[in-house]
Each structure stands twice: as C-alpha cells, then as structure tokens.
Amino acid sequence: MAKTAERFAFATFDVLQSERIAGPRYSYWKSVFQTFFKRKTAIFWLALLLSLTLMSFIQPLISGYDPAVAPNINTPSTWYQKPSAEHWFGTDDRGNDLWDVVWSGTRMSLSIAFIAAAINIGAGILVGAVWGYSKRLDPILLAVYNVVSNVPYILRSMMLMYIFGRGFWQMILAMTITGWLSIAFFIRTQVMIIRDREYNLASRCLGTPLKRMVTRNILPYMVSVIATLIYQEIPGLINTETILSYLGIGLPSTYPSLGRMIDVYWSFVDTYPHMIVFPGVVMGLVTISFYVVGQLFADASDPRTHR
Amino acid sequence: MSDVLLSVKNLEVTFKNGKENFTAVRKVNFDVHEGESFALVGESGSGKTTIGRTIIRINPATKGEIFFAGQKISGIIDRELDTYVIRNIQMIFQDPMASLNERATIDYIVSEGLYNFGLFKDENERREKVFKALNDVGLLEEHAERYPHEFSGGQRQRICIARVLAMEPKFIIADEPISALDVSIRAQVLNLLHDLKNKRGLSYLFIAHDLTVVRYFADRIGVIHQGELKELATAEELFARPLHPYTRSLLSAVPMPDPDVEKHKSLLIYDPSVHEYAQEGPSWREVFPGHFVLANSKEEVEYRAAFTTNSPSRR
Ligand SMILES: Nc1ncnc2c1ncn2[C@@H]1O[C@H](COP(=O)(O)OP(=O)(O)O)[C@@H](O)[C@H]1O
Ligand SMILES: [Mg+2]
C-alpha cells in the first residue's frame, strides 16, 4: 500500500490553467496586412498601382510638359510619329511626345479623382454615421436623397459644369456637391444594420456617448465597407472626368488629362490609333488596379478571412 | 421582507411598425426586492426580453411606470437620474457571441463603463479594476490584451459579466444568460452568478425560457405568456402548487430525476380556450399568501380548492 501511495499521487487540477490561451496575440491590422500580402496577385497589382501613381506624379516634373506650349507646332515632321526608341508612345498632332502627355494627363485625372473622392467619402462617412443614428434627421435626408438620386450622377455633374463653367476646381465642385449623398446613404444603411446589434445595445447600457459609439463600435466594423467605397469611387471619378472632358464641358484645353486626350485624339482614331491606344491602356490599367487592389484589401479587412 | 428595489407597475410596451401596432407586453406588475433573484419564465416571444430592455431604457414604456430605489425611471428622466440608472442597472445579454465588440480588446470592453463615467483616478486604478473584474469571473489578467474571438462561449459570457461587475451595479438583468452556452458549462456560469450575488449583495432579474434553470436559482418566479404575467410565487410555492394551466404545462416539461415519475409523466399543452372569460374576464388575484395568478373568480375558487383538499403531490 505504501508503495502505491508513493508512486501515485493525485494530480492537482488548476482551474485557472485551463483558461490560458496558447498562440500568439491577435492584432487586427497585422492580420489585415498578412492576409492581403499572402496573395501574389495583390502584390502584383499593388506594385503596378503604385508605379503608375508615382510615375504620373514624378514624370511630368522631369518632362515639364505644358499643353499651353507646343514647341513643335511649326515642325510638321515631328507630328503623328509612330512609337519609336526616341518617342516610346509616339507623338501627337502637334509633335508633343505622347509619353509626356500621357503621364501629365494621368496626373491631372488622378488629382481630380483623389481630391473629389476624399471630399465625397469624408463627408459621406460623417453625414452617413449621424444619419444612421438620428431618427429626426432620417426623413429629411431621405427626401433629399430620393429627389437628388432620381437624376443620374453623370447628368447632375454635367448640369453643374454648365453652370460653373470649365475648370479644375469647378469640376471638383460639380463632382462633390451631390456626390457625397449616395455614399452617406450607403453608410447610413450600414450603420443601421450595425447599430441595433447586441454589442451596441451593451455599450448603450454602459452609457457610451455617441461619439465614442461611432469611433469605437461602428467605424471599426466598416473598414472593409470603406475600402470598397474608395476602390469604387476613384475609378468612377476618373470616368466622370473623362466623360465630362470628352463632352467638352470638363477641363479647359490648357489642362492635360485623360479625358482631354481622348477628346482631342479621338478624331485621329482611324489614321493614328496609337494616339488613343496609349492613354486608353494607361487609364484601363489605373482603373483595374484600383479595383483589384481595393477588392483584395476589402476582403482582407474582413476578420472572417483571418486565419 | 426586505425593501423593494425595482417595481414594475402596469407596464405595457407596444411596437409600431408603420401602421401596424404590436403589443408585446401587457399589464405587467412585479417587484424585485433587495438581494432577491426574481425570475421571469416564459416561452420564446412572450415578451421577456422586451420587459428587460424596457427596464434598462432601451425600449420606451408605452404605458405604466417603473420605479428603481424609489425613483421613477420610466419616461423622460433628467441626466443625473439617467447616470444613476446606468451605473446601477446593468444587463447581461443572451448571446455572448453577439454582445461583445469584436474590434476592441477585453481591456477596453471591461473598462468601457469606467471610461464613460470617469470611474478611476489614474491608469493604474483602471487596470486594477479590470483585473479584479476578470479575476472575479475566473479569468486571467493576461486575457485583458486579447480580442473576443479568441474566447469560447462560456468565457465570453464571463467577460460580459466582468464588464457588468466593473460598474458595481445594484441590479442586474440577466437575459437568458446561459441558453446560448454548451450544456456542460451552463452550471459553471449559473454558479458564478449565484456566488456573485451573495458576495456583492446583488439583485437579479433573471430571464429564462424554462423552469429547470430557475428552480434552484430564483427566489421568486413570474410566469409570462404572450406578454401577460399569468402567475407569480416563490420558487418553492410555484413548484408545489402550480395553479395556472400554462404554468402546469411548463412544469410538465421539466425533467424529473425519478425514472418512475419521468416514465408516467405526460406533457401538458396549454390551450388558452380552457378559460371561460366570456362572462367574467381575468384579474390578478392572490390565491395563497404571496402567490398570485391571473384568473376570474370561478377559477380562483377552483385553483384554491385543488390544493387545499389534497396534498400538493400530484403533478
Ligand atoms: N423592436 C421590435 N419591433 C417589433 N416587434 C418586436 C421588437 N422587439 C420584440 N418584438 C416582438 O415582441 C415579442 C416579444 O419579443 P421578446 O421580448 O424578444 O420575447 P422573448 O424575449 O420572451 O423571447 C415578439 O413577438 C417579438 O417579435
Ligand atoms: Mg428573449
């Protein structure tokens, strides 16, 4: 008997030991980036997007291209050149190097899209967050939204451009005066879905003020929704710029932009197609890379995809 | 009996969906005494959650009044009273998977209420309060840095309890706190709530959908059906002398530890048409001391007769 007692002892059961969590600590943002960069396609399209953006913001500084100045306008031999070692994208109807024109045009289009998207998304999120919470504001904003959204966005921008006249800031104004509204409506609906979930009721029962409710409870849940907004908004605005400029009510002729290029070069589409192909390809690549990167990032920012 | 802490008087809650109105709670009356566990039991959709949410002011009361520690807390109240209510009445929700902010650490979740009312002098004191609340529910200090999705259902419900405890409330509404948990950990959470009540002198409104859970936990039980209280008595009394046919049907669903009883037991199904309310409608009557039932005078006589002549052994 004594021997067994020596050899066998009762194991102590430590209740707290069973509460220990093995495994590394979780961090939301770290997991977002890990999930994102695990994909080779994500890295490829992000690299492409960054190169295109950097290129269009740096190259024009070097080339010093200015659409108001056409140094070769009196040298017809420099016009309409096909792509060559000297002019990678060829030259246009005034002897401008298309490589230079494309990058300064992309820079202009991206600048407009970035500024207008920042305003639309910023205002849309702010108004939408309050809209989703306020029972008093809801019917008023809903009425405004219903009236405004009856007119397609592109028609609204066109009307506004007619009123404001052509120009950089005029265009941003035309894009943003009503542009935030549909984003605010979208955010409002998202907030309403999240608002009455139990964890928010719990916060209400703890007396959490509205401001912290929005910053700690609502917005962190909307990272992927906001990412989705951004990747849809920027290419959308690039398109709007193109359409407005193509219609001749966008930017004035002294501004280079993707829309301006398509407007001017479209008349040569049969004879000198390279003049329309290069701006078109660059624009396509910019748009697609925004979509792909944005979509993959939105996926990665949904915690259900983590691990 | 000790002082009344919470008093619900003639409560009615109506939801408006466009033109349609739906009255989820009708003419509900009950008191919760200091240090008491009062249970509300009824099937799903009977209005239990609505009552809990109305007390804690998530839903407005359409009619009737609610008093807490002698003050009227329903309707429009001033800021000071609102703060008092929030600090003293807290709620544990049914689904621990849904009631934690997934994007916040346990540290933030447990101290959320402390932040809201500045209930600490410095960071050290806040951390101490968080650790104490976690320890009180059997969790570890190192859990503070983790996120909710790293925890099991039972652990998450204990985090919810810790967050409530950090506020040091007088009164806790526990809305089916164990029904979403695995059977194996239900007793653990129930015992925890029971111990906390004794240690801290808490009072509970405990909501459940069957009588099994509340039998040993609750001091008094109110039985609710389709938004109306049907019967109210101490737990012992209710099990010994169930009067209302709905209570008897709930009781018939409680499993008995005696195989002979269990074998011969038949499930009763409550059929509201057994009541003959055409001539005389029901009212809230005290049939035995402290034992109330919704009945008309004919039923009252029958109910009383059923348990005064025979011993309360048949079920
Ligand atoms: N916000 C609401 N709007 C409309 N009806 C509701 C709302 N909340 C609850 N109800 C209805 O009220 C009734 C009671 O619900 P509830 O209190 O959740 O019941 P229980 O908690 O007893 O299961 C149900 O029929 C439910 O559909
Ligand atoms: Mg419920």
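User: How many residues of chain A are in contact with residues of chain B?

Analyst: Two residues are in contact if their C-beta atoms, placed from the backbone, lie within 7 Å. In this predicted model, 24 residues of chain A are in contact with 26 residues of chain B. Local features need pLDDT of at least 70 and side-chain atom pairs count only at pLDDT 80 or more, while totals for chains, interfaces and linings use all residues. Residues are numbered from 1 along each chain as its sequence is written, and chains are lettered from A and ligands numbered from 1 in the order in which they are written.

User: Which element supplies the largest share of the side of chain A that touches chain B?

Analyst: Helices (H or I, at least four residues) and strands (E, at least two) are DSSP runs, numbered from the N terminus. Helix H9 (198–205) and helix H10 (210–218) of chain A each supply at least two residues of that side, and H9(A) gives the largest share, 7 residues. By class, that side holds 14 nonpolar, 4 polar and 6 charged residues. Here Ala, Val, Leu, Ile, Met, Phe, Trp, Tyr, Cys and Pro count as nonpolar, Asp, Glu, Lys and Arg as charged, and the others, Gly among them, as polar.

User: How do helix H4 and helix H8 of chain A pack?

Analyst: Two packed helices are described by the angle between their axes and the distance between the axes. Axes are lines fitted to C-alpha atoms, for helices over the stretch in contact, and angles run from 0 to 180 degrees between N-to-C directions. H4 (residues 98–133) and H8 (residues 179–195) of chain A pack at about 40°, with axes 7 Å apart. H4(A) is therefore oblique to H8(A); angles under 35 degrees count as roughly parallel, over 145 as roughly antiparallel, 65 to 115 as roughly perpendicular and the rest as oblique. Their contact has 17 nonpolar, 5 polar and 2 charged residues.

User: At what angle do helix H5 and helix H6 of chain B cross?

Analyst: The axes of H5 (residues 153–166) and H6 (residues 183–200) of chain B cross at roughly 15° and come within 10 Å, so H5(B) and H6(B) are roughly parallel to each other. Among the residues that meet are B:Ile161 and B:Leu165 in H5(B), and B:Leu192 and B:Leu196 in H6(B). This contact has 6 nonpolar, 3 polar and 1 charged residues.

User: Which element gives the most to the shell around ligand 1?

Analyst: A residue is near a molecule or strand if its C-beta atom, placed from the backbone, lies within 6 Å of it. H1(B) gives the most to this shell, with 3 residues. The residues around ligand 1 include B:Phe15, B:Lys48 and B:Thr49.
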